[in-house]
Amino acid sequence: MKTDGKFRHDSLQTRKTVKTLLEALTKGIGKGELVLSDDDGEITLEPDGLLNLRIRAERADGSNRVDLRITWNDEPGPSESKNAPKVG
């Protein structure tokens, strides 16, 4: 049985370090296991099946932001995806 938990980490990093972390996330998603840890804790997630991806970007008053969210359910549930478009 999978245990519930939370992981959160905030820090300043260089572009190179962020790139390395994103590559590690990509590799973990590909293997189906994400292990996230720091001095305060650890969590293991197992992405499988269809993953919901949301990317948002914003620039305002000299401040920039990119949000990346990936969600999934451990057990298959009702599909929330839209049907393919119809072309007549």
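There are 3 salt bridges in this structure; a salt bridge here is a side-chain nitrogen of Lys or Arg within 4 Å of a carboxyl oxygen of Asp or Glu. This is a predicted model, where local features need pLDDT of at least 70 and side-chain atom pairs count only at pLDDT 80 or more, while totals for chains, interfaces and linings use all residues. Residues are numbered from 1 along each chain as its sequence is written, and side-chain values use heavy atoms, leaving out hydrogens and water.

Take Glu23, which pairs with Lys19 at 2.7 Å, N to O. How far apart in helix α1 are Glu23 and Lys19? They are 4 residues apart in that helix, residues 15-31, so about one helical turn separates them. Helices are DSSP runs of H or I with at least four residues, and strands are runs of E with at least two, numbered from the N terminus.

Next, Asp67 meets Arg65 at 2.9 Å, N to O. Asp67 is partly exposed at 28% relative accessibility, and Arg65 is exposed at 52%. For the cut-offs, buried is under 20% relative accessible area, exposed is over 50%, and partly exposed is in between, with a 1.4 Å probe and protein chains only.

Asp10 bridges to Arg8, with the closest N and O atoms 3.2 Å apart. Both Asp10 and Arg8 are exposed.

As for the whole chain, it has 1 helix and 4 strands, in the order α-β-β-β-β from the N terminus. Of its 88 residues, 5% are buried. Its C-alpha atoms fill a box of roughly 50 × 45 × 20 Å along the principal axes.
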